[in-house]
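Me: I've just opened this one and I'd like to know what the labels rest on. Can we go through them?

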Amino acid sequence: MFSIIEEKYAWRPGSTFTTHKPDTIVIHHALHPNCTAQDIHRWHLNNGWKGIAYHYYIRKNGLIYRGRQEHHQGGHLLGSENKNAIGICLEGVYTDYKNLTEKSVPEVQLAALVWLCNDIKTRWNIESIKRHADYPSAINEEKDCPGRYFPWNRFMAMISDPNAVYKHIIQKHCKFHNPDGVWKVVDTHPYADAFYMQWANSYKTPG
Ligand SMILES: [Zn+2]
């Protein structure tokens, strides 16, 4: 359903990357309504940085782009906060900002984020998933990244149930009167995971 798109970046000449062992995932929003991974790379170069500071960038259409390598420390937090933290940035403005406010995260973008977090967990021993806003540097700057309209509680529930992404898509189309009752039955099936995936994928435009 999702995959990681490999981008080619022209890093700042002479850049070296400190290696780390990720144990945390940090979620950001771009505070921009429409930009590519290369746009962000360019902006970060213009800041005087090595290049794109995030490890991943997810567009509103659910496409996932790699930024820095996972084992290379990012630059999405302040200084040593970056150690062992994988930074994922979502396209969009999910807080009150100028006239650009977006009050909902597209379902396919949220599903891509859940997929990516679970994918990262297969490679590293991830102990926690945090908001950028949880870090001291963000608190000092009064940043609410990834934004007050990012559905954090629902995201956390989806992370603990990978099929929640599919359940959401299915429910959107089937409009069951008692969806939890349906999931309860399906969950007992030995191939429930594959079943949910195929069922959800049978709808061509998830979200
Ligand atoms: Zn942020």
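This is a predicted model: local features need pLDDT of at least 70, side-chain atom pairs count only at pLDDT 80 or more; totals for chains, interfaces and linings use all residues.

Reply: Residues are numbered from 1 along each chain as its sequence is written, and side-chain values use heavy atoms, with hydrogens and water left out.

Me: What makes the chain as compact as a globular protein of that length?

Reply: The chain has seven helices and six strands (DSSP runs: H or I of at least four residues for helices, E of at least two for strands). Its radius of gyration is 18 Å, close to the 17 Å from the globule rule for 207 residues, so it's as compact as a globular protein of that length. That radius is taken over C-alpha atoms, and the rule is 2.2 Å times the number of residues to the power 0.38.

Me: Why are His28, His132 and Cys145 called donors of the zinc ion?

Reply: Donors are N, O and S atoms within 2.8 Å of the metal (3.2 Å for Na, K and Ca). His28 (ND1), His132 (ND1) and Cys145 (SG) lie 2.1 to 2.3 Å from the zinc ion, so they qualify. Water is not among the atoms, so the site may look incomplete.

Me: And how do you know whether His132 is buried or exposed?

Reply: Buried means under 20% relative accessible area, exposed over 50%, partly exposed in between (1.4 Å probe, protein chains only). His132 is at 6%, so it counts as buried. Cys145, at 7%, is buried too. Buried residues make up 46% of the chain's 207.
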